[in-house]
Each structure stands twice: as C-alpha cells, then as structure tokens.
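Q: I am new to this structure. Please take a close look at one part of it, the contact between the chains, and walk me through what lies around it.

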Number of protein chains: 2
Amino acid sequence: MQVDVLIVGAGPAGLMAALWMARTGIRTLVVERNSGPTKAGHADGLESRTIEILDSFGLGQKVWNKSNHTIDICLWNKTSEGALHRQNISANSKPGWSRFQESTLGQSQIETILLEQVLKSPYVEVRRRTAPISLHIIETELGNHRNDLHPIHVGITAIPEPEFDSTLGGDATLEGTKETIQARYLLGCDGAHSWVRKQLGLKLEGASRDVSWGVLDAFPITDFPDIRRRCIIKSEFGNLMIIPRERKLVRMYVQVSAGLANDYSTKNRDPEVIMRAVQKIMQPYRFGASRLEWSTIYTVGHRYCRELSRYERIFLAGDAVHTHSPKAGQGMNVSMQDSYNLGWKLASVIHGVATQQILQTYHQERLPVARRLIEFDKRICRGMLDAENTFDEDHRKALVEENTSMSGLGIAYEPNLVVAELTEHKANGTEKFFPIANEETSLSTQPDRMKAIRLGARMPSALVLGQADSQPHELQRVFQSTGEWHFVVFGGDIVDEQQRRRIDHLANALSSPESIVRKMNTRRLLYPIPVGCLSIYLVHSGLRTEVDIGKLPGVFRPPDDDTGFDYGKVFVDNESYHVGGGKAYEEFGILPRGCLVLLRPDQHIAFIGDLEDTNPLEHFLELIVSEL
Amino acid sequence: MQVDVLIVGAGPAGLMAALWMARTGIRTLVVERNSGPTKAGHADGLESRTIEILDSFGLGQKVWNKSNHTIDICLWNKTSEGALHRQNISANSKPGWSRFQESTLGQSQIETILLEQVLKSPYVEVRRRTAPISLHIIETELGNHRNDLHPIHVGITAIPEPEFDSTLGGDATLEGTKETIQARYLLGCDGAHSWVRKQLGLKLEGASRDVSWGVLDAFPITDFPDIRRRCIIKSEFGNLMIIPRERKLVRMYVQVSAGLANDYSTKNRDPEVIMRAVQKIMQPYRFGASRLEWSTIYTVGHRYCRELSRYERIFLAGDAVHTHSPKAGQGMNVSMQDSYNLGWKLASVIHGVATQQILQTYHQERLPVARRLIEFDKRICRGMLDAENTFDEDHRKALVEENTSMSGLGIAYEPNLVVAELTEHKANGTEKFFPIANEETSLSTQPDRMKAIRLGARMPSALVLGQADSQPHELQRVFQSTGEWHFVVFGGDIVDEQQRRRIDHLANALSSPESIVRKMNTRRLLYPIPVGCLSIYLVHSGLRTEVDIGKLPGVFRPPDDDTGFDYGKVFVDNESYHVGGGKAYEEFGILPRGCLVLLRPDQHIAFIGDLEDTNPLEHFLELIVSEL
C-alpha cells in the first residue's frame with residue numbers, strides 16, 4: 001500500500017495530524033495499537049490555545065460545550081492553628097487573553113471528537129490493533145520530494161487478541177510483517193515509548209525524580225466548598241491538586257509515599273488506596289465518592305528528545321518527544337500543538353505548493369517549546385513539593401504562565417523561513433517607526449501582550465463587524481485551518497482620502513499579473529482544496545456607514561457565483577450594538593496608519609509590514625512558495 | 001386509535017405544540033396534509049423571544065447558528081434631487097432586551113429542526129398526507145377530564161396522490177373515513193383555512209385591503225450597498241422591503257399594481273414579473289439575481305378569530321386564528337408562541353397535576369395578543385403605503401415595537417388563574433413598598449423595561465455565576481421548558497446575617513411537610529417526567545467567595561446520586577472575570593431586600609412577593625395544583 005503520510009499512533013497528537021491530512025486531502029494511513037479511543041483517565045487539560053485550534057477546524061463549540069471551564073484557582077494551606085483554609089482565589093485564565101478559558105475534558109472525549117471528524121474524510125484510513133515492526137528507508141530517494149517516490153517503507157502487523165495494553169510499552173511478542181506501507185512521510189505520534197523514535201536511535205533525555213503521585217478520577221461527595229474549583233492544597237499530610245472535570249467528575253493529583261505506591265500495586269491498583277491519601281489531606285472536610293472512575297500512580301520524570309525530525313521525512317510529535325508530569329495539564333495540549341504546527345507544512349509540500357525546506361521549521365519551532373515545557377514542569381513540580389504553608393513566588397508565577405507561554409498563547413516562533421523579521425520603517429523620508437506598536441518577538445512570556453499582534457505568535461482575536469451586514473465576528477474565527485494563508489490588510493480609516501489612496505495602491509500591487517499573491521490564488525480555480533492559496537481580508541477602522549463595500553478594490557471582494565462577489569472578506573473595527581467591539585486596533589497595537597499582517601495556515605503571524613510593503617512581502621513568500 | 005392530543009397541522013404552531021407533548025410524554029398524533037416540511041418560501045422572521053423559547057428546548061444555538069442575524073434597519077428614500085439615499089440606519093433589535101436579536105431563517109428550516117426533535121420522542125406520531133374529515137363530540141363527557149374519557153372523535157383519511165396542495169384550501173374531494181381518532185384534546189393548527197375552526201362554526205373577522213404585495217426570495221447580484229441589511233425603500237415607483245436571509249438569500253416585499261398581479265398569475269407565477277417591479281424601485285442601482293428561489297403575490301388582510309378555544313377541549317392556534325401581512329415577520333412567531341402558551345397547560349392537566357381551569361387562560365392570554373397583532377399589522381401596512389419620502393412617527397414607532405410587544409418580549413399577561421396580582425407590602429410595620437422596583441404589569445409596550453421583572457411577562461435574562469464553580473450562566477437559560485415551575489429566590493446579600501436569617505426562615509417554610517411546594521415535588525420521586533414539579537433556585541448578591549454552598553439550606557441543594565447534592569441551583573450576581581455580569585439585581589429592578597419570583601413552565605412570571613410571602617404563594621399555587 002502506498003500513502004503520502006503514515007501516522008503511527010491515534011492519540012491526540014496523531015489525530016490532530018490526521019485532521020490536517022483529512023482537511024487538506026492527503027492520502028494517509030493511521031495505525032494504532034489499541035482497539036478504540038482511550039476509555040477513561042489519562043490527559044484532561046485543555047488550554048485556551050488548544051480550544052482556539054480546535055475551533056479553527058470547526059470543533060471549538062462542541063469541545064467548549066462538553067468541557068468543564070476552570071474559572072477559579074484556589075490555594076489552600078494550614079493556618080497557624082492547623083486548620084485548612086483558602087489562602088487565595090483568583091482567575092485561572094487571565095481575562096482577555098483568549099476567547100476561551102482553560103477547561104477540562106477527558107482524553108477519551110477529545111480523541112472521539114477528533115476521530116469522528118477525521119473519519120468524515122475519504123482520504124484518511126485509521127487501522128486499529130496494528131503496530132509497525134520494521135522500518136526501511138530508500139536513502140537514494142530521500143532528497144527528492146517528487147510525489148511518485150515513497151522512500152519510507154514500514155512493515156506493519158496486526159496485533160492478536162487479547163487487547164494489547166499500550167501502557168506496557170513492549171512489542172517483543174509481535175512477529176511477521178503482514179503488509180509493507182510505502183509512505184512519503186512518517187509521523188511518530190506513538191507516545192513516550194515511541195517505536196518510531198527508537199528506530200531513529202533517539203532517546204528521551206533527562207532525569208526522573210524519586211517522587212510518586214497518585215491520580216484519581218472520582219465523583220466526590222464532600223463538604224469541601226471548592227470542590228468545583230481548581231485547588232492546590234498543601235497540608236502536613238502532603239500536597240493535593242483538585243481539578244473539576246466534565247460531567248460531575250473531579251480529578252485529583254496527590255503526593256504519595258513509596259510505601260503507599262507499593263501498597264497500590266500489590267493491591268491490584270486499588271483506587272481506594274489513593275482515596276485514603278486524599279482523605280487524610282482533606283481533613284477535617286469529609287471526603288467520599290459515589291464512584292471512582294480511574295486511577296494510576298506515576299513517578300515524575302522530565303525528559304525530551306533533542307531531535308524532532310530526520311531527513312525532512314520522519315517526524316516525532318507529542319509524548320514521543322517530551323514527557324513530564326501531568327500536573328500542569330500541558331501534555332495533550334503541547335502534543336496537539338506539535339502536530340498542528342507540522343500538518344499544514346506537510347500538506348503544503350505534498351500538494352507541491354511550498355518548498356520542502358519549510359519542513360525544517362518544524363524542529364526549529366517546536367524544539368524550544370519542548371525544552372521550555374520540561375523546564376516549566378520542573379518548576380511546577382518543585383512548587384508542588386514545597387513545604388505545606390508556602391506558595392512561593394516562582395510557583396505562583398509558573399501557575400500564571402500555564403495560560404500563556406505554555407498553552408501556546410505566548411509562544412512566538414523565532415524568525416525562520418516561515419516567520420519574517422520585523423523591520424523598522426521610515427515615513428515621510430525621516431520619521432522612523434515599526435508597523436505595529438509592539439515590536440517584541442521573543443519567546444518569553446509577555447503577560448500583558450497576549451492581545452497584541454506579535455511576529456511568530458498566534459493571531460489574537462478581537463470582535464469586529466462585517467462591513468456588509470454589521471454582524472459581529474471574532475476575527476480569529478475567520479481564519480479557519482484550511483491550508484490557506486490569510487493576508488489581513490489593516491487599512492486604517494479608509495473614509496479618509498489619503499488612507500483610501502494607500503489601500504487602492506496596495507490593491508493594485510496585489511492584483512498585478514506578476515504578484516505572487518495572484519499566482520498563489522490561480523490554484524484556487526483548479527483545485528477544490530485551497531492549500532497554499534492566500535485569502536485577502538480588509539479590516540478597516542472607518543465608520544461602517546460611510547463605506548460602501550461594492551466600491552472597494554476587487555481584491556477584497558473575490559468572485560462568488562451566488563452574489564457576484566463575496567461579502568465576507570471586509571470587516572470594520574466599530575462598536576456593535578449588542579456585544580462590544582471597536583477595540584481591535586487598540587488591542588492589537590496597530591497604529592492609525594494601518595499595517596499588513598500575513599498569517600500562516602496555523603494562524604501564526606509570518607509577516608508584518610507597512611501598507612506599502614508589498615515588495616518585502618513578495619520576497620518573503622517567493623522563498624516559500626513552489627513554482628506551480 | 002386513542003390519543004391524549006390530536007394536533008391538526010404540522011406547521012410551526014402544530015410542531016411547537018408537538019414539541020411540548022414530546023418533552024412531557026403525552027400520547028399525541030399530528031396529522032398533516034402535506035407530504036413533508038415546507039420546501040421554500042413562506043415565513044422567515046424569527047423574533048428574539050421566539051429564539052429564547054427554542055433555546056428553552058435546547059434548540060436555540062442550532063437556530064441561531066443557521067439563521068441570519070438582522071443587525072441594522074435602514075430607511076431609504078429619494079432626495080429632493082430624486083436620488084435614492086439612505087435616510088437612516090439603526091439597530092433592528094434594541095440592545096439589551098434579549099440574548100438574541102431578530103433573525104431570519106426559512107420556515108422550511110424551522111419545521112425541519114422542530115420535527116427532528118419531536119420525532120426523538122416515542123410519544124408523538126406524525127402522520128403525513130392525512131386530513132381530518134369529520135368531528136364528533138361526546139358532549140356528556142366534555143366536563144370530565146378523567147384520562148380514560150376521549151370525547152373528541154375525529155375521522156381522518158389519507159390523501160391520494162398527487163400531492164395535495166394545502167394552499168388551495170379545499171377538501172371537498174376527500175371522501176371516506178379511514179380511521180377514527182379518539183382524543184381527549186384537539187388542536188387546530190391548520191392555517192388560515194383551518195378545518196378545525198370551520199367545524200366550530202368560527203370565522204376570521206376583519207377586512208382585506210385592495211393592495212397587493214409581491215414576495216420574492218432571490219440570490220441577488222447588485223451594487224446596492226445595504227443588500228445584507230434590512231431596508232425599507234420608498235420611491236416614486238412604489239415601496240420595497242429588503243430582508244437578508246440565511247445562506248446568501250434575500251427576501252423582498254414589493255408593492256405591486258393590480259395589473260402586475262394579473263400579469264404574474266397569467267404568466268404561471270413567473271417570478272421575473274416581480275423582479276421587474278423590484279428593479280424599477282432599486283434604480284439607479286443595478287439589481288439582478290443568480291437564482292430566484294420562491295415567489296408569491298398576496299392581498300393584505302387583517303383578520304382574527306374571537307374565540308380561541310371551546311369546551312376547554314378544542315383549541316385553535318397560529319394562522320387559524322390570526323392572518324395578516326407578513327411584512328413585520330410576526331406570523332411564525334406569534335403562531336409558535338400561541339402553542340407554546342398552550343402546551344404546558346395541556347400537559348399539566350393531562351398529567352393530572354393542574355386543574356383543568358388553567359386551560360381557560362389560553363384564550364384569556366392569547367386573544368389580546370391576536371387582537372393587538374392585527375392592529376399592529378394595520379399600522380405597519382399603512383406605514384409601508386405612505387408617500388415615497390416619509391417615514392412618519394407612527395411607522396417608526398411600529399418598527400421599534402416589532403421587537404417588544406409583538407415579539408413576545410413585551411407581552412405581560414393580565415392577572416388570571418396563573419398570573420397573580422402584584423400587591424403592596426409593609427416593611428417594619430409602616431413603610432410601604434412593592435417587592436420589585438417596577439410594578440407595571442400592563443400589556444402596553446414599555447421599551448425601557450424589557451430587562452426588568454414584570455408580572456405576567458417573560459423572565460428576562462442576565463449573566464449570573466454558579467456559586468459552586470463561578471461559571472457564567474445566562475439565567476434565563478437555566479429555566480428550560482420541561483413542564484416544571486421555576487421558583488427563584490432572590491435572596492439579596494446573604495453574607496449579611498439578617499438577610500441570611502430571612503433565607504433560613506423561608507427555607508424552613510418551604511420544606512415544611514405541609515408546604516405545597518414540597519407536595520408538588522413528591523411527584524419527582526415517582527415519575528421521570530417533572531411536569532408540575534417545582535425547582536427552587538437561589539440567586540443571591542453576596543460576595544461569592546464568602547458563601548459556602550454546602551452550608552445553605554437543603555431546599556437549595558436537592559439530592560444528587562453522584563455528588564450528594566446538586567451544585568447547580570445556587571447562583572450569585574457577581575461580576576465574572578471574563579464576560580461581564582454582576583448586574584442582574586439592578587437590571588431586573590430587584591431591591592436589596594430581595595424577592596420571590598415564581599415562573600410558570602413557559603418562563604412567564606406568575607408571582608412576585610417579598611421573601612416572607614410564602615403564604616400568598618401557597619394560596620396562589622393551591623388554586624392551580626390538583627390534588628395528587
């Protein structure tokens with residue numbers, strides 16, 4: 001069997017990659033050891049950025065409705081009299097940073113929702129109870145990305161009954177290749193014990209700490225007042241984290257002794273053992289449960305892999321390249337964000353609309369994220385082990401960072417082939433300026449800048465109105481994950497004549513027959529899948545009632561069979577009657593003179609320029625776009 | 001065949017009634033002449049209140065997502081130089097009155113969504129191509145509402161191929177009873193030519209005006225800048241209304257001459273005839289269409305029926321009791337609101353949890369609405385016929401009223417068996433007060449009071465937080481249409497000791513074994529369907545972090561198998577971190593001392609009292625509730 005992409009593993013990372021392939025029409029096979037989605041337990045944290053990403057595939061509302069939104073975080077400790085008390089309560093997600101707040105939903109549900117969407121596509125097959133057992137690479141073909149060459153040969157075999165338990169990690173008993181899959185690209189999304197990673201001779205590097213934690217998913221019956229809030233509780237009997245979940249479930253992370261861990265395992269993983277540790281910490285509050293749904297005990301490890309891809313052909317994502325404690329609820333998020341970063345690049349190269357060199361940026365962009373994730377997890381774990389009465393400054397800071405750099409909101413990729421440098425400009429021959437007020441582009445956390453536009457970071461959202469109908473839109477939601485680039489012209493007050501002339505001039509440049517923008521869109525007429533095309537949007541700040549959409553340049557009004565032209569590409573930053581709005585320019589940090597913002601297909605900002613910067617824009621794109 | 005309820009007609013009114021029956025588990029047969037839902041055209045306007053009602057059945061989000069939200073209304077006329085110009089643009093739905101704004105969605109879609117939900121119930125059967133042909137009433141059984149008596153006998157017959165066109169209205173060709181349906185109750189939701197109404201010897205009374213209007217559903221191609229906004233255009237060539245719809249459709253109402261109407265009918269209802277009238281008015285704007293989806297021409301009539309029910313056994317709803325021009329987009333709304341008003345009453349009587357006398361309130365409550373609808377429509381039509389350059393004050397006023405009294409937001413039913421009188425109270429023996437700041441209860445339009453709580457009116461919404469988890473909730477959304485009454489205790493600042501004592505005292509009274517509230521809820525333990533039960537909610541205004549839900553009286557924490565008690569009945573009027581809130585008391589007009597608010601199963605306010613008013617509340621409920 002020949003496929004474009006072979007994905008090993010149908011967990012969150014594998015299914016996110018498969019979702020991209022489904023959306024962009026890439027022939028893909030997913031093989032997975034387990035017979036169905038995760039049943040209970042495992043990951044449950046959904047950061048704001050992850051929900052934004054799911055929303056870009058049309059799955060945001062479903063996930064948001066099903067999940068529990070974790071509004072508060074409470075820090076509890078002992079008073080000097082020894083009573084447990086709430087020391088602090090605050091917002092778990094910083095207001096204004098995202099349309100969504102940190103939420104919880106079991107991995108089981110996430111996998112089911114992703115899988116349902118993936119299977120709607122005729123391009124992707126998911127084969128369960130199937131494992132890879134051999135890898136053969138035709139080295140002479142590696143450098144040529146022609147679509148008839150399939151240099152990655154993977155032998156796969158069916159896994160016999162009874163159901164193979166992936167958590168055991170071994171595969172020594174599997175014998176006999178049943179079939180060889182010839183693939184152009186191979187993705188290892190196969191977890192901490194990744195078979196693909198091992199074939200490449202790569203290891204997770206780092207250390208384990210000799211500390212065990214119990215995890216318990218329960219339906220609690222208690223008089224503890226914050227049971228439906230996220231809590232960190234520090235007591236003389238150990239430390240505990242409470243995470244309210246979907247349905248009426250609550251997840252608990254509890255510090256356990258070596259003795260207790262041993263007891264748990266000799267008693268056939270009896271969740272009651274962990275429950276007793278929880279009860280001890282929670283006293284004097286009563287703490288029981290109507291049902292215990294899942295439990296485990298893990299030893300904290302902090303490890304990552306220094307190489308995320310090889311030959312621009314084989315890629316590793318998710319737990320295959322970073323493992324850490326689950327306490328910050330990051331795992332499922334960073335895993336899905338890994339393959340979300342990779343998917344559009346792969347699809348673009350396979351469709352022949354981008355140079356294969358963009359595949360190098362996967363490692364370049366995600367390795368620093370993996371490294372930071374591990375460093376961050378060490379801080380969170382150290383904080384959780386602290387003495388019973390302290391939440392020191394670094395622990396508090398780390399908790400705040402969860403929703404920024406770690407969740408993806410704060411991540412700004414460094415300049416590379418698909419992220420341009422921000423350059424200084426001159427207006428009127430002398431006055432120097434940057435096209436946006438906020439020129440910071442580093443990866444560091446910038447708590448007050450999540451609303452601003454930053455090169456390499458994800459496009460933030462703001463409420464804007466449709467020019468044609470005044471309907472409110474979250475701007476970020478317009479930029480769906482289709483494989484298209486999104487080119488947003490912030491035109492300023494186009495009712496002003498001078499500003500209008502600048503827009504007309506820009507439109508002329510974009511619609512010239514030589515414009516690369518125009519070349520990218522010729523593909524649109526030939527294929528139903530818009531991978532590598534470029535959609536142009538205008539977001540102006542003039543008075544909506546003074547602008548006639550029909551009189552704007554044609555580049556902002558692409559043809560539409562039903563209505564002559566598409567009314568949906570022009571937005572205005574005015575206040576709505578009903579739901580706010582009118583603050584996009586201010587929040588984004590856009591100057592009145594406007595700017596150009598180019599978004600990659602993953603909503604990350606690739607280029608920022610002045611309205612006259614069509615030349616540097618063309619130059620930037622020409623290095624990426626393949627000749628058709 | 002014996003059923004509890006026979007519904008004639010599966011249009012919006014019939015299906016809304018069927019939805020109640022489905023939800024409350026009432027054996028119901030719906031018969032309908034047509035072979036499927038409406039295909040195209042017909043009604044399309046959805047007022048805010050109608051979407052609120054659909055949301056109370058869990059269908060609000062679906063309808064909201066599918067519909068077009070009509071944000072602006074524009075008035076266009078000719079300048080003194082004869083050019084068409086926009087004279088005014090403003091909000092089509094007054095900000096703040098509802099969570100939803102006036103929207104448009106074809107009747108076809110509405111019927112499909114309702115039907116899909118109805119058919120999920122095993123209690124309701126929908127039989128198509130079926131018409132009633134005989135009515136026989138066992139008069140001796142009429143007064144006894146025992147559930148084994150079925151005094152309404154309706155002969156029904158199948159309609160032969162080819163498909164019967166209900167718009168022709170005749171049924172003379174139908175012969176031969178195929179089956180007799182023995183029903184306890186009969187609903188005539190069978191349109192302007194209602195067969196049921198005719199059997200009762202009732203007529204629609206009123207007049208027709210000799211004015212014809214053309215209706216055209218088209219996908220327009222035009223340079224008119226407001227094509228995606230609701231517009232009223234007055235020109236020397238006649239008047240026109242533009243209503244943007246779902247998909248890219250636009251509906252137009254255009255004044256046509258007798259000659260044109262004749263032309264249309266002789267040319268086999270050629271939509272191009274109407275299109276030419278539109279084009280003439282729209283000049284100098286170009287106006288074409290890529291497709292014409294539906295058209296009709298109608299003559300304006302304003303008629304209503306003076307009797308909406310007979311024997312408390314047979315009820316008429318929708319177009320069967322009021323017909324008028326479609327220009328205000330009211331028809332589908334008032335029709336669904338008719339049967340929404342009736343459904344819970346019927347279900348309560350059939351389940352034996354309410355006295356049959358509440359059925360009288362259907363006529364009492366809905367006749368004034370029908371009468372006002374007809375008066376209102378006359379004003380709207382007169383306004384539309386006005387000279388080309390004026391939008392007089394009454395016309396403008398009428399346009400505003402569309403979203404208030406007419407849409408249901410402003411309707412406040414007069415005191416009757418299921419709406420108490422508001423009474424004045426004395427505090428501290430002397431000082432007089434009303435339990436809420438706003439004591440107005442009349443049916444008249446009160447544009448600034450849609451956010452306030454008013455006796456007989458629908459419960460408005462406001463954003464409140466869950467006490468247990470701080471999650472934001474639209475309060476109105478909590479009160480789903482299940483057949484339950486909703487009893488909302490606005491407890492004030494319960495952190496204050498005195499206020500807390502009042503709440504404890506109230507809770508004692510409610511949980512006394514003699515309390516009717518307690519009696520109503522004994523049923524909850526016996527039946528899975530909560531019709532006639534009463535859910536108790538607390539909405540307090542204290543600081544959320546100072547209140548421990550587990551220490552509140554048990555009446556606010558009903559038992560829950562999973563978590564000991566239900567965390568979902570206590571809300572707090574505090575500001576949220578992310579989405580506003582904290583203004584419910586202020587907007588509702590509730591004094592700091594708090595009040596009791598009893599909602600009927602249709603979200604209309606039945607009773608308002610002081611926190612100590614358990615006696616008058618019990619007295620009010622005892623007249624309604626049947627002995628079990």
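A: Start with the charged pairs. This is a predicted model. Over all chains, a search of the whole structure finds 88 salt bridges. One of them joins B:Arg99 and B:Asp55, whose side chains meet at 2.9 Å, N to O. B:Arg99 sits in the loop between strand 6 and strand 7 (103-104) of chain B, and B:Asp55 sits in helix 2 (residues 48-55) of chain B, so this pair ties together parts that are 44 residues apart in sequence. Side chains of opposite charge can pair when their charged atoms come close.

Now to the contact between the chains. Chain B gives 42 residues and chain A gives 42 residues. About 3600 Å² is buried between chain B and chain A. Carbon and sulfur atoms give 48% of that area. Three residues stand out on the chain B side: B:Asp562, B:Tyr577 and B:His578. They supply 18% of the area that chain B buries against chain A, more than any other three residues.

What holds charge across this contact? Eight salt bridges are counted between chain B and chain A. B:Lys248 forms a salt bridge with A:Asp562, with the closest N and O atoms 3.5 Å apart. Polar contacts are counted too: 31 residue pairs between chain B and chain A, both residues at pLDDT 80 or more.

Which strands of chain B take part? Strand 4 (68-69), strand 6 (84-91), strand 12 (205-222) and strand 16 (287-304) of chain B each supply at least two residues of the side that touches chain A. By class, that side of chain B has 13 nonpolar, 15 polar and 14 charged residues.

Next, how the copies sit. Two copies of a chain are related by a rotation about an axis and a shift along it.

Now step inside one chain. Chain A is divided into domain 1 (2-66 + 105-205 + 302-401), domain 2 (207-300) and domain 3 (425-622). The C-alpha centres of domain 1 and domain 2 of chain A lie 29 Å apart. Their contact takes 25 residues from domain 1 of chain A and 24 residues from domain 2 of chain A. The area buried between these two domains of chain A is about 2200 Å², and carbon and sulfur atoms give 55% of this area.

Two salt bridges are found across the interface of domain 1 and domain 2 of chain A. A:Arg251 and A:Asp44 meet in a salt bridge through their side chains, at 3.4 Å, N to O. Six residue pairs are in polar contact between domain 1 and domain 2 of chain A, both residues at pLDDT 80 or more.

Which elements line the domain 1 side? Strand 16 (287-304), helix 9 (360-385) and helix 10 (393-401) of chain A give two or more residues to the side of domain 1 that touches domain 2. Helix 9 of chain A brings the largest share, five residues. By class, this side of domain 1 of chain A has nine nonpolar, nine polar and seven charged residues.

Key: Residues numbered from 1 in each chain as written. Chains lettered and ligands numbered in written order. Predicted model: local features only at pLDDT ≥ 70, side-chain atom pairs only at ≥ 80, totals over all residues. Heavy atoms only, no water. Contact = heavy atoms within 4.5 Å. Buried area = accessible area lost by both parts, 1.4 Å probe. Salt bridge = Lys/Arg side-chain N within 4 Å of Asp/Glu carboxyl O. Polar contact = N/O pair within 3.5 Å; in protein donor to acceptor, adjacent residues only side chain to side chain. Helix = DSSP H or I, 4+ residues; strand = E, 2+ residues; numbered from the N terminus. Nonpolar A, V, L, I, M, F, W, Y, C, P; charged D, E, K, R; others polar. Domains from an automatic or database assignment.
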